[in-house]
Amino acid sequence: MNRKETPDIMDALLGDNKQKAKTVPKLREQKKAKSAPPPSKPQPEPTKPGGKTKATFYISTELLTALENLWLDLRRDQLKYSKGEIVEAGLELAIEDKAQLMARLDQITSN
């Protein structure tokens with residue numbers, strides 16, 4: 001099914017512009033050639049060296065406040081760890097101790 005071409009209103013108002021008639025189809029062809037189809041499924045790209053990827057999670061306000069306080073305490077002790085590094089270390093500890101993690105998850109979900 002071919003789509004009808006939209007009439008050029010400006011030409012009707014200002015008069016026939018033969019140069020424009022020659023260049024508009026060329027520009028349309030160039031735009032079509034440049035546009036590539038989007039990737040079928042975007043993959044997360046590492047944002048930092050070491051293969052780190054940004055992740056977003058919902059956590060309780062209290063836990064976020066505790067993370068902020070811990071981060072500030074570490075900075076006062078001249079330890080310059082990022083919040084991401086603190087969270088990553090905590091997740092690694094939780095994964096290493098599955099029994100303790102499961103017990104804590106039971107406590108969190110029962111509230």
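This is a predicted model: local features need pLDDT of at least 70, side-chain atom pairs count only at pLDDT 80 or more; totals for chains, interfaces and linings use all residues.
**Entry 1: helices 3 and 4.** I began with the packing of helix 3 against helix 4 (residues 83–96), and I found an angle of about 110° with the two axes 10 Å apart. Because angles from 65 to 115 degrees count as roughly perpendicular, I noted helix 3 as roughly perpendicular to helix 4. For the handedness of the crossing of helix 3 and helix 4, I wrote down right-handed.

**Entry 2: the overall layout.** I then stepped back to the whole protein, where I counted 5 helices and 0 strands, which reads along the sequence as α-α-α-α-α. When I looked up burial, I found that 3% of the 111 residues count as buried. The accessible surface came to about 11,100 Å², and I noted that 59% of it belongs to carbon and sulfur atoms.

I took up K52 and E88, whose closest N and O atoms are 2.6 Å apart in a salt bridge. K52 sits in the loop between helix 2 (18–34) and helix 3, while E88 belongs to helix 4, so this pair ties together parts that are 36 residues apart in sequence. I checked the exposure of both partners and found K52 partly exposed at 36% relative accessibility, with E88 also partly exposed at 34%.

I turned next to E68 and K83, which form a salt bridge with the closest N and O atoms 2.9 Å apart. This pair links distant parts of the chain, since E68 is in helix 3 and K83 in helix 4, 15 residues apart. E68 is partly exposed at 29% relative accessibility, and for K83 I read 29% as well, which again counts as partly exposed. Returning to my opening entry, I note that helix 3 and helix 4, which pack at about 110°, are also the helices that hold E68 and K83.

Entry 3: Which loop holds Q78? I located Q78 in the loop between helix 3 and helix 4, and I noted its phi near 65°, a positive value in a residue other than glycine. I flagged the angle because most residues other than glycine have a negative phi. At 60% relative accessibility, Q78 counts as exposed.

**Entry 4: a nonpolar patch.** Finally I looked for nonpolar surface and noted a patch of about 430 Å², made by F57, I59, L63 and L64. L64 is partly exposed, with a relative accessible area of 41%, so it passes the patch requirement of over 30%.

Note on methods
Residues are numbered from 1 along each chain as its sequence is written. Side-chain values use heavy atoms; hydrogens and water are left out. Patches are made of residues with over 30% relative accessible area and no salt bridge: like charges are joined within 9 Å, nonpolar side chains (Val, Leu, Ile, Met, Phe, Trp, Tyr) within 5 Å. Accessible areas come from the Shrake-Rupley method with a 1.4 Å probe; for residues, only the protein chains shown count as cover. A salt bridge is a side-chain nitrogen of Lys or Arg within 4 Å of a carboxyl oxygen of Asp or Glu. Buried means under 20% relative accessible area, exposed over 50%, partly exposed in between (1.4 Å probe, protein chains only). Axes are lines fitted to C-alpha atoms, for helices over the stretch in contact, and angles run from 0 to 180 degrees between N-to-C directions. Helices (H or I, at least four residues) and strands (E, at least two) are DSSP runs, numbered from the N terminus. Angles under 35 degrees count as roughly parallel, over 145 as roughly antiparallel, 65 to 115 as roughly perpendicular and the rest as oblique. A crossing is left-handed if the near helix is turned anticlockwise from the far one by less than a right angle, and right-handed if clockwise.
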